[in-house]
Each structure stands twice: as C-alpha cells, then as structure tokens.
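Thanks, everyone. I'll keep this short. Have the model up on your screens as I go.

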Amino acid sequence: MLKILVLGSAAGGGYPQWNCNCETCRGRRDNSINSIDRTQSSIAVSSDNINWLLINASPDIGQQLRDRKELQPGRSLRDTGITAVMLMDSQIDHTTGLLSLREHNTRLPLYCTQMVHNDLTSGFPVLNMLEHYCGVDWHKIDIDEQWFAIPGIENIEFRPLVIDSKAPPYSPHRTDPHPGDNIAITIRDTQTGKTVFYSPGLGGLQDRTRQIMADVDCLMVDGTTWTNDEMQTRGVGNKLASEMGHLQQSGDGGMIEELSNLDCRKILIHINNTNPILDPDSVERTTLKDHGIEVAEDGMQIEL
Ligand code: MLT
Ligand code: MN
Ligand code: ZN
C-alpha cells in the first residue's frame, strides 16, 4: 500500500513564523483562533513502512523526525528510515534540511534535476559542503516525463513534470527561468496502480499539468496563499504570490476553480502563515470544505 506521511505542511517560514505578528500568526500565539502549528513543507513516501523517500528536506527536519518516530526503524546503532531524498526545487524551505542529514552513515542518495543541482552547487553550495560530511550520490531527474524507480523504495515509481514556478531568490538565474527549476511528481504504486500528484510550488497550470492532475487518485498541491496579493493585504510584504511562483486559491483561475472539476482526493499543502485557511473556523476554510478540498496537517497520513 502506498503511504504518504506529511512531515511539514507550511510554506517557507512555517506557522506561526518566528518574526511574524500577522493576524493568523498572532491568532495562533494568543489562541484567538483554533489553528495548529505547522512545520515547513516536506513529505515522506513508502510502501513498506520501513524504507522512506523523503521529498524535500525542510529546515524543520530535526523536529519532524523527532515527531515521526516511524522514520527511525532502529535496526542498528546509527540508522534511519530515509532511504533516499528527492527535491522538487532548490528553495530554502525544501533544501536546507540536507545540512541536518550530514551524519548519514553512507553517501546520501539524492534525486533532483540538473537546474536544482546547479543551484545547490553555486548560489547555495550545500552539496559541495556535504562532501566534507556524508556526501551525496546525485541521481539526475531527467525532465522527460519518464517513469523511474528508486533502489530501496519498493513497488513505487515516479514521473517528473516540469511546472511553472520560480527559481529561489538566491539562484543565479532567479529572473531567467529554465525547465527543471521546479518539478511536480506523480507517485504510483506499481501493485495497485494508485497515484498521487505532489506539487507544493505550482505557479500556474498548463494543459499538460491539468491532464496529469485529472488522472490521479490524490492531489497534494500548492496551498500557499488565498489571494495573489495576500502578503500586501496582511501588511507583511510587497510580493505577489505569482511573483514567488505560487497560484492563489480564490478567484478566477485560482486553485479552487482549477480543482473544481476533478473528483479525486484534493489536499492543499505548503500553506503560508498569512493564509486565512489556517483558521479552521474561517469562511475561507468553509469554502474549501464546500469544494471538497482538504488542508494538510503535520503528521497527516494518506494511504492509497
Ligand atoms: C516559496 O515557496 O516561495 C519559498 O519557500 C519562499 C521562501 O523560501 O522564503
Ligand atoms: Mn516554499
Ligand atoms: Zn504571519
């Protein structure tokens, strides 16, 4: 059975964000809203509950692994359930956790695109740094939509999809997008044929993306902001969600509209700390419920 474990359901900064007193962050701290804490975006995938593929390595990975004891099988003095790591992009909230895996016993198997590898050996040279610790064995994800397997992750295969989003602010090519800066991944249980589409940073949908999304059993997609100008209206920044490579949920062409004709399980993940859907009693959250859309939580388990 295909199992997805949500390690972190928040966008960059987590929830509440350490330096933020926006309505939702303050509301969490003073308990005026009923929300729960969320760590930064990451999932783990397994079919045997022992060998896990970590997808995205969050800066909160230490806390996430302490909280999710199923990722420590304890077979030897130094052990981990993390068999390999895959990255969707080179964003800080998806890659800095690699530094915390430096004590790995052997070279860490790492799956990412050429563009992500470029960023992680230049603007943020974490892979060069790790050579002085465990080192990584890089397996290039070709952006050709071919299914591939990962040794040790039994009965699961993966198919990458190039999506519209953005390279991180630190990237040498932030303003010069390349295919493979960001991918989404379809995950398939080869025994049951069940599929999940995971895309925490989806800036917009192309026809090919829609086609693939229409064909899966479960969607876990970008839930960063409710409105495109949310950072502005919450008074915390000037950037539009679209400028950061994220598609907002509400309004014309928003994620709710994109999801409305699909009848699979739909889950939003990578929720920004400004998003009103963090409040389970909000009208925005009710709107999601009315559309059959769930909001991921840390520790959530999806079995297909
Ligand atoms: C994003 O998803 O846009 C980034 O995580 C933002 C960040 O790293 O601060
Ligand atoms: Mn992010
Ligand atoms: Zn906030």
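Start with a definition. A charge sits over a ring when NZ of Lys or CZ of Arg is within 6 Å of the ring centre and within 35 degrees of the ring normal. Now apply that here. The charged end of Arg 188 lies over the ring of Trp 147, 4.1 Å from the ring centre. One caution before going on: this is a predicted model.

Next, the aromatics. How many aromatic pairs does a search of the whole structure find? Three. Take Tyr 111 and Phe 148, one of the pairs. They are stacked, with 6.3 Å centre to centre and 10° between the planes. Tyr 111 sits in strand S5, residues 108–112, and Phe 148 in strand S7, so this pair ties together parts that are 37 residues apart in sequence. Tyr 111 is buried, at 5% relative accessibility.

Then Phe 148 with Phe 158. That pair is tilted: 5.9 Å centre to centre, 35° between the planes. Phe 158 belongs to strand S8, residues 153–162, and Phe 148 to S7, so here the parts tied together are 10 residues apart in sequence. Is Phe 158 buried or exposed? Buried, with a relative accessible area of 0%. Put together, Tyr 111, Phe 148 and Phe 158 make one aromatic cluster.

Now strand S12. It covers residues 265–269. Four of its five residues are buried, so the rest of the structure largely encloses S12. Which strands does it pair with? On one hand, strand S11, residues 218–222: parallel, over five bridges. Within that pairing, Asp 222 has Ile 269 of S12 as its bridge partner. On the other, strand S13, residues 293–295: again parallel, over three bridges. There, Leu 268 stands opposite Val 295 of S13.

What handedness does the β-α-β unit of S12, helix H9 and S13 have? It is right-handed. H9 itself spans residues 283–290.

Which residues coordinate the manganese ion, ligand 2? Asp 93, through OD, and His 270, through NE2, at 2.1 to 2.2 Å. Asp 93 is in helix H3, residues 92–95, while His 270 is in the loop between S12 and H9, so the two tie together parts that are 177 residues apart in sequence. Both are buried by the numbers. Asp 93 has a relative accessible area of 7%. His 270 comes in at 4% relative accessibility. The cut-off for buried is under 20%.

His 270 also has a backbone feature to check. Its phi is positive, about 65°, although it is not a glycine.

Glu 145 is another non-glycine with a positive phi, about 60°. Where does Glu 145 lie? In the loop between strand S6, residues 136–140, and strand S7, residues 148–150. Glu 145 is partly exposed, at 25% relative accessibility.

Last item: a cis peptide. The bond from Tyr 15 to Pro 16 is cis, with omega near -10°. Pro 16 lies in the loop between strand S1, residues 3–8, and helix H1, residues 23–29.

That's my tour. Over to you for discussion.

Terms used
Residues are numbered from 1 along each chain as its sequence is written. Chains are lettered from A and ligands numbered from 1 in the order in which they are written. This is a predicted model: local features need pLDDT of at least 70, side-chain atom pairs count only at pLDDT 80 or more; totals for chains, interfaces and linings use all residues. Side-chain values use heavy atoms; hydrogens and water are left out. Buried means under 20% relative accessible area, exposed over 50%, partly exposed in between (1.4 Å probe, protein chains only). Two strands pair if DSSP finds at least two bridges between them. A crossover is right-handed if, with the strands pointing away from the viewer, the path from the first strand over the helix to the second runs clockwise. Donors are N, O and S atoms within 2.8 Å of the metal (3.2 Å for Na, K and Ca); water is not among the atoms, so sites may look incomplete. Rings of Phe, Tyr and Trp (its six-membered ring) pair if their centres lie within 6.5 Å; planes under 30 degrees apart count as stacked, over 60 as edge-to-face and the rest as tilted.
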